[in-house]
Amino acid sequence: SGESGAGKTESTKLLLQHIMNLCKGNSQLEQQILQVNPLLEAFGNAQTVMNDNSSRFGKYIQLRFQKNTVRGAKLSEYLLEKSRVVQQDTGERNFHIFYYMFAGLSSEEKEMYGLLDPSLYRYISGRFGTQDVAQRWKQKYQEVCNALDMVGFQEQEQVDMQAILAGVLSLGNVTFEPEERNGSVKVSEASRGWLKAAAVINVLRQLVCCVPCPPWSPSVSCCCLCADARDSIAKVAYGRVFGWIVCKINELLAENVDPEVELSEIGILDIFGFENFAVNRFEQLCINLANEQLQHFFNHHIFQMEQAAYKEEELPWETITFNNNEPILNLLLAKPLGLLSLLDEQSAFPQATDKTLVDKLNSSFKGNLHFQPGRGRVLGFSIIHYAGKVQYTAGGFLEKNRDTLPANVRGLFINSITPLLSLLFTGKSLFLLWLAGLLIFRCPRQHSLMMLMEKMYSANPHFVRCIKPNSQKEPGVVDSQVVLLQLRYNGLLETIRIRRDGFSWRPSFEEFAER
């Protein structure tokens, strides 16, 4: 754990390499496990203002062993930031894979996928990069292709996957305009070429039929409804591709041993770090909630359980106090009056707006030391997290929490001319994604985090705390104030004290007597 950009993903890769090096067993399986990380980084990481290779999802890698040999692995993913597919803030980029494709595909392949100059695409904000950057992306694209081959993806599956990604980009350029004769909405004349290029998704052609326009609604509102549905389709398509990749990885890395054989396990959690941007949205709230839960988990093991053991043993011990973040978790998670419960309640009301949500939060948490109403004209609120105060912009909270797709659009996906896209929306595929914990129909954010914490509390944890040396993303520079702030809010100064004053060696009675 640690801040965004502190080195969690790099530490995870080094730890995996070290464990695989110690195993020296099934060399092909070990190589496949090592290839999972670059593959997931391409599809799940992106450049942010805090980190050029920021994980926009959480992953839990379970390595399964028989004696000292790795026999299989399983991957779980949490809270992919799908909204990044359709919108990025200044100084940020979309997921890496889109840029890798533009840099790595040949002219013939780009023509096959209907890809034009990258500066034309709205979903990547018309930004590409310098020649040096493009060359590096080209190498990364080759690494992704090698990883897909190594892990075991078939050639046609890879083609279909890239066709869907190209279709998503073209989808973003489709715009809408009012139909003059009857007041309905149609695809604008200027974007009909993009509609044709997005035909691999085979959904937008009937999209305007799927978004009902109330008779009292102005055509401008209908255009916005169609644009929202377009973006929903793009997010869902990308999210399903990502989930399918994880499912496929798990199929290929599953252990092939007798069910009676008992396997031991090492799990590694690499999750997005605490974030505080100039503009913080629903995604940052979810990310920071996960970090609050991990901090509480850390406190529980390092301070509460440790000192309870000393008390039980009747050892002379002066209690060490620590910054307990339980009141913040209560603010966020309490039922029925916690922030997320109120968000779900408002999401269930069709007439509710982001403003009614903020009004509800302001009245419910008046006087709470960890909540502050928004100031000025920006609709929002602030939360005093364990790592500091974060101001959240409430725009889009309800829509993102609902995470809905027009009901009759799913049938259009099933009838797609791209076999993989059709597969991702059929009953069997949805069932497999659900079994893997990758598809949750109701409250995905809460259910996903709950599953993660259940895994954590059932394990014997070791904590790797990553410290960010400076805020400028510069190598070889240590800003002592930046480091000290992290040591303080992570509870590491208290941790050092409990480790120094506590009892680090705990032999069993038999071990002690024998010694």
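This is a predicted model: local features need pLDDT of at least 70, side-chain atom pairs count only at pLDDT 80 or more; totals for chains, interfaces and linings use all residues.
1. Helix pair, geometry. Helix α10 spans residues 282-312, and helix α20 spans residues 492-501. Their axes come within 11 Å. They cross at roughly 30 degrees. Angles under 35 degrees count as roughly parallel, and α10 and α20 are therefore roughly parallel to each other. The crossing is left-handed.

2. Helix pair, contact residues. On the α10 side, the contact is made by Phe-298, Ile-302, Phe-303, Glu-306 and Gln-307. On the α20 side, Leu-492, Glu-494, Thr-495, Ile-498 and Arg-499 make it. By class, the residues of this contact divide into five nonpolar, two polar and three charged.

3. Sheet, layout. Three strands form an open sheet in the order β8-β9-β10. The pairing is antiparallel. Strands β8 (371-373) and β10 (388-393) are the edges, and each pairs on one side only. On average, neighbouring strands are turned by 20 degrees against each other, direction ignored.

4. Sheet, the β9 and β10 pairing. Strand β9 covers residues 380-385. Six bridges join β9 to β10, and the two run antiparallel. Gly-380 stands opposite Thr-393 in β10.

5. Helices on the sheet. Which strands does α10 lie across? Helix α10 lies across β9 and β10, and runs at about 150 degrees to β10. Helix α11 (residues 326-333) lies across β8 and β9. Its direction is at about 150 degrees to β9.

Terms used
Residues are numbered from 1 along each chain as its sequence is written. Side-chain values use heavy atoms; hydrogens and water are left out. Axes are lines fitted to C-alpha atoms, for helices over the stretch in contact, and angles run from 0 to 180 degrees between N-to-C directions. Helices (H or I, at least four residues) and strands (E, at least two) are DSSP runs, numbered from the N terminus. Angles under 35 degrees count as roughly parallel, over 145 as roughly antiparallel, 65 to 115 as roughly perpendicular and the rest as oblique. A crossing is left-handed if the near helix is turned anticlockwise from the far one by less than a right angle, and right-handed if clockwise. Contact means heavy atoms within 4.5 Å. Ala, Val, Leu, Ile, Met, Phe, Trp, Tyr, Cys and Pro count as nonpolar, Asp, Glu, Lys and Arg as charged, and the others, Gly among them, as polar. Two strands pair if DSSP finds at least two bridges between them.
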